[in-house]
Amino acid sequence: MAGKISSTDVHHIQGHNVDDMISDLPEGVLLHILSLLPTKDVVRTSVLATKWRHLWTYLSVFDFKIPYPLYNKSKDQNQNSVNCLLDLVGRLLRKSNCVERLSIDIFEIAVDGDKVSSLISSASKHKLQYLKLSLGVPNDKFALPHCFSAFESLNELCLGLKFTLCIPSDICFPSLKKLVVSDVTFANEESVQQLFSGCPVLQELTLYNCYWENIEQISVAISTLRKLTIYFDLCCVDDEDDYMTVMIDAVNLLSLSCTCHAAIRFIPVNLTSIVDAHVHLEDDSQLVPVLYVAHCIFELLSGLNNVKSLDITNDTLECLIDRTEVDLNLLPTFHNLTHLYVYNFTDESTATSGVLPDILRKTPKLEVLYIPTVVREYLDGEDSLLNSLPCCLKSSLKRLHILYFFGDEDEIEFVMLFLKNASFFREIQLANVEKVADIQDQLQSVGLGTYVEACCGLGHSRIIIFNSPSDYESPDDESDEDEGANSGVFPGAGVFFCWFCR
């Protein structure tokens, strides 16, 4: 047929047009295309043609990575690969004038400290905004070169140097807003403090699995700090008989996250601006005195008494469970706390700690409570919910979320107690429900569930109970809703629930 184009012709035309189009693109457009590729692929474009040989060096963002040793190669071969990479980065930094972000990740392979120092020296001549160095192996020693102070434009620094690290006394990052330090063994306490004092405008600090074998106390005294994250594995602390102390003096701190051994002593100072906190403290040694662990937890929580939202693990509360030795009256009053999240770090279905009632008595403004399961201590013994209602139940609590609900008699009783005694209650969410129909029948048998709505979906079922008609948009007509509101289950309010899959 006249005018018909074969597939071969189409392929030839497309190939020809693409070749012409790429060759005619402005250099700025080519650089933008390269910036969207992984660095290793960008470097490979240097073999395409003469025009491409040095084009990649004009980019401003580079991410070099050797993720793990190549086990089919010898130690010397891996070492040569690392040296070649560092030499390549060094040449790039000497040629380029516009590097703004540089990341180098080399895992579990020893590096030459002199090459690292030379690389840092070359990088300091650029107006870097972001620098990440993750390299080295334990037991090597490394001193940050004095040229580190030349990074005046640096906004974010990530040091994952697996060395015993010495910090020069004159180090200074005048523009640094975010600092992440991981896997480092500090040579001494002075090195830690010199690093912190060299960051006069720091807003975010993360200390992740640093090794403190030479450290007894660190002081995070940074007035500009807004967010602090501390994660210490148990193996990061040298001697269980000589626990370290962390003083936190940050008047403008908004967010704090602590995950570490419960015997590490935190001394909070001036945390008057704190908004949210995450606390996961764990004592698995069985060698630390119960009273010492409790004292450490009380001291940290007391410094967080102004917090508005608190995430705390069952492990943390379990450290206080021995009532024969620990005086839970030492728990602080959280005057501003509105959201409390209690969760299990490993098994979410583990029973909620019996310390929770003592916490709730210290939360006069609590509005939202998340717990793994019902608190059976509220139902058993003399110290029951009926005999000791927390004031937030009458004054402020609006929502209760239970992550695992199995529908047994005690759990139904727990839900009923909250609904009957909470003056401002609006909603209960019961998640991961296995036998929805059975629990529906049980709730209806005790007067709950005037309206039911079922929705299809995937995953575990969830039941929501609403304690006010205004909280639930019923599909039925208005007369039915009024009938539910006057059912007499609770004076002045109807109770509704629906379940659905998520």
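1. Contact here means heavy atoms within 4.5 Å. In this predicted model, and leaving aside neighbours within four places in sequence, Leu102 is in contact with Phe62, Phe64, Val89, Leu93, Ala123, Leu128, Tyr130, Leu131 and Lys132.

2. The largest nonpolar core comprises 135 residues, and Leu102 and Leu340 are the members that touch the most others.

3. On strand pairing, β14 (residues 309-313) runs parallel to β13 (residues 276-282), and four bridges join these two strands. Within this pairing, Asp276 has Ser309 of β14 as its bridge partner.

4. Strand β14 is also joined to β15 (residues 339-343), again in parallel, through five bridges. Here Asp311 stands opposite Tyr341 of β15.

5. Helix α12 spans residues 436-445, and Val436, Ile439, Gln440 and Leu443 are buried in this helix. These residues lie on the same side of α12, because they cover an arc of only 105° around the axis. In general, an α-helix has 3.6 residues a turn, so residues three or four places apart point the same way.

6. A search of the whole structure finds zero disulfides. Is Cys158 buried or exposed? Cys158 has a relative accessible area of 11%, so this residue is buried, the cut-off for that class being under 20%. Cys98, by contrast, counts as partly exposed because its relative accessibility is 31%.

Note on methods
Residues numbered from 1 in each chain as written. Predicted model: local features only at pLDDT ≥ 70, side-chain atom pairs only at ≥ 80, totals over all residues. Heavy atoms only, no water. Disulfide = S-S within 2.5 Å. Buried < 20%, exposed > 50% of the residue type's maximum accessible area, 1.4 Å probe, protein only. Core = buried A, V, L, I, M, F, W, Y, C linked by side-chain atoms within 4.5 Å. Pairing = 2+ DSSP bridges. Arc of directions from axis to C-beta.
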